[in-house]
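Dear colleague,

I am passing on the structure below for you to look through. My notes on what was found in it follow.

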Amino acid sequence: MTAELAVALPGVVLLLLVLLTAASAALTQVRVADAARAGARAAALGEPAGQVSAVAAHLAGRGVAVHVGREGGYVVVEVARDLPGPLAVAGLRASATARALPEPGEQG
(Lines give C-alpha, C1' and ligand atoms only; values in the text may rest on other atoms or scores of the structure.)
Protein backbone atom coordinates (compact mmCIF):
# COMPACT_ATOMS: atom_id res chain seq x y z
CA MET A 1 0.00 0.00 0.00
CA THR A 2 2.76 2.45 0.91
CA ALA A 3 4.77 1.68 -2.23
CA GLU A 4 1.75 2.24 -4.47
CA LEU A 5 1.04 5.55 -2.76
CA ALA A 6 4.65 6.65 -3.17
CA VAL A 7 4.51 5.86 -6.88
CA ALA A 8 1.08 7.45 -7.51
CA LEU A 9 1.44 10.58 -5.38
CA PRO A 10 3.71 12.55 -7.77
CA GLY A 11 1.26 11.86 -10.60
CA VAL A 12 -1.65 13.07 -8.51
CA VAL A 13 0.24 16.22 -7.51
CA LEU A 14 1.17 16.89 -11.15
CA LEU A 15 -2.43 16.40 -12.28
CA LEU A 16 -3.63 18.78 -9.55
CA LEU A 17 -1.06 21.37 -10.64
CA VAL A 18 -2.19 21.11 -14.28
CA LEU A 19 -5.87 21.42 -13.31
CA LEU A 20 -5.25 24.45 -11.09
CA THR A 21 -3.18 26.14 -13.81
CA ALA A 22 -5.92 25.54 -16.38
CA ALA A 23 -8.57 26.87 -14.00
CA SER A 24 -6.48 29.98 -13.32
CA ALA A 25 -6.06 30.59 -17.06
CA ALA A 26 -9.79 30.18 -17.64
CA LEU A 27 -10.62 32.60 -14.82
CA THR A 28 -8.19 35.15 -16.25
CA GLN A 29 -9.82 34.84 -19.69
CA VAL A 30 -13.27 35.40 -18.17
CA ARG A 31 -12.04 38.47 -16.27
CA VAL A 32 -10.49 39.92 -19.44
CA ALA A 33 -13.67 39.31 -21.46
CA ASP A 34 -15.82 40.90 -18.74
CA ALA A 35 -13.48 43.89 -18.63
CA ALA A 36 -13.71 44.36 -22.41
CA ARG A 37 -17.52 44.23 -22.31
CA ALA A 38 -17.71 46.69 -19.40
CA GLY A 39 -15.32 49.04 -21.19
CA ALA A 40 -17.36 48.87 -24.39
CA ARG A 41 -20.54 49.67 -22.44
CA ALA A 42 -18.86 52.65 -20.79
CA ALA A 43 -17.53 53.89 -24.14
CA ALA A 44 -20.96 53.49 -25.75
CA LEU A 45 -22.43 55.68 -23.01
CA GLY A 46 -20.00 58.46 -23.91
CA GLU A 47 -17.35 58.07 -21.20
CA PRO A 48 -13.91 59.44 -22.14
CA ALA A 49 -11.23 56.95 -23.21
CA GLY A 50 -9.32 57.39 -19.94
CA GLN A 51 -12.35 56.42 -17.88
CA VAL A 52 -13.08 53.46 -20.17
CA SER A 53 -9.50 52.24 -19.73
CA ALA A 54 -9.74 52.66 -15.96
CA VAL A 55 -12.95 50.61 -15.81
CA ALA A 56 -11.45 47.82 -17.91
CA ALA A 57 -8.16 47.82 -16.00
CA HIS A 58 -9.97 47.66 -12.66
CA LEU A 59 -11.95 44.60 -13.74
CA ALA A 60 -9.11 42.76 -15.51
CA GLY A 61 -6.54 43.21 -12.75
CA ARG A 62 -2.90 44.25 -12.69
CA GLY A 63 -0.69 44.03 -15.73
CA VAL A 64 -3.48 44.71 -18.20
CA ALA A 65 -3.23 46.50 -21.54
CA VAL A 66 -6.36 48.33 -22.73
CA HIS A 67 -6.90 49.90 -26.16
CA VAL A 68 -9.99 51.99 -26.90
CA GLY A 69 -10.82 52.93 -30.47
CA ARG A 70 -13.44 53.16 -33.17
CA GLU A 71 -14.20 50.82 -36.03
CA GLY A 72 -16.87 51.97 -38.41
CA GLY A 73 -19.78 53.11 -36.28
CA TYR A 74 -18.71 51.01 -33.27
CA VAL A 75 -16.56 51.72 -30.25
CA VAL A 76 -14.02 48.93 -29.76
CA VAL A 77 -12.29 47.99 -26.53
CA GLU A 78 -9.41 45.51 -26.60
CA VAL A 79 -8.08 44.10 -23.33
CA ALA A 80 -5.05 41.80 -22.90
CA ARG A 81 -3.25 40.42 -19.86
CA ASP A 82 -0.49 37.88 -19.28
CA LEU A 83 -1.71 34.58 -17.90
CA PRO A 84 -0.65 33.91 -14.30
CA GLY A 85 1.78 31.30 -13.03
CA PRO A 86 3.84 29.05 -15.26
CA LEU A 87 1.85 30.09 -18.35
CA ALA A 88 3.29 33.63 -18.09
CA VAL A 89 6.77 32.18 -18.53
CA ALA A 90 5.61 30.71 -21.85
CA GLY A 91 4.45 34.19 -22.92
CA LEU A 92 0.77 33.26 -23.13
CA ARG A 93 -1.82 36.04 -22.85
CA ALA A 94 -5.55 36.25 -22.34
CA SER A 95 -7.21 38.76 -24.66
CA ALA A 96 -10.70 39.88 -25.57
CA THR A 97 -12.33 42.46 -27.81
CA ALA A 98 -15.77 43.99 -27.37
CA ARG A 99 -17.70 46.28 -29.70
CA ALA A 100 -20.73 48.41 -28.96
CA LEU A 101 -22.82 50.95 -30.81
CA PRO A 102 -22.73 54.36 -29.19
CA GLU A 103 -25.97 55.52 -27.65
CA PRO A 104 -27.85 58.09 -29.73
CA GLY A 105 -26.34 61.51 -29.17
CA GLU A 106 -23.06 60.14 -27.75
CA GLN A 107 -19.74 60.48 -29.51
CA GLY A 108 -18.26 57.20 -28.07
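Which residues does T21 touch, not counting residues up to four places away in sequence? With contact meaning heavy atoms within 4.5 Å, T21 touches P86 and L87. T21 is found in helix α1 and, at 17% relative accessibility, counts as buried (buried means under 20% relative accessible area, exposed over 50%, partly exposed in between, with a 1.4 Å probe and protein chains only).

Please keep in mind that this is a predicted model, in which local features need pLDDT of at least 70 and side-chain atom pairs count only at pLDDT 80 or more, while totals for chains, interfaces and linings use all residues. Residues are numbered from 1 along each chain as its sequence is written, and side-chain values use heavy atoms, with hydrogens and water left out.

Helices (H or I, at least four residues) and strands (E, at least two) are DSSP runs, numbered from the N terminus, and two strands pair if DSSP finds at least two bridges between them. Three strands form an open, antiparallel sheet in the order β1-β2-β3. Because β1 (64–71) and β3 (93–100) stand at the edges with a single partner strand each, one side of each is left without a neighbour in the sheet. β1 pairs with β2 (residues 74–82) over eight bridges in the antiparallel sense, and G69 stands opposite V76 in β2. Helix α1 (residues 2–44) packs on the sheet, touching β2 and β3, and its direction makes about 25° with that of β3; helix α2 (residues 49–60) touches β1 and β2, its direction making about 140° with that of β1. For these angles, axes are lines fitted to C-alpha atoms, for helices over the stretch in contact, and angles run from 0 to 180 degrees between N-to-C directions.

As for side-chain pairs, the count comes to three salt bridges, a salt bridge being a side-chain nitrogen of Lys or Arg within 4 Å of a carboxyl oxygen of Asp or Glu. R37 pairs with D34, the closest N and O atoms being 2.3 Å apart; these two are three residues apart in helix α1, and are therefore separated by about one helical turn. E71 forms a salt bridge with R99, at 3.1 Å between the closest N and O atoms; E71 lies in strand β1 and R99 in strand β3, so the pair ties together parts that are 28 residues apart in sequence. R93 and D82 form another, with the closest N and O atoms 2.7 Å apart, and this pair links β3 to β2.
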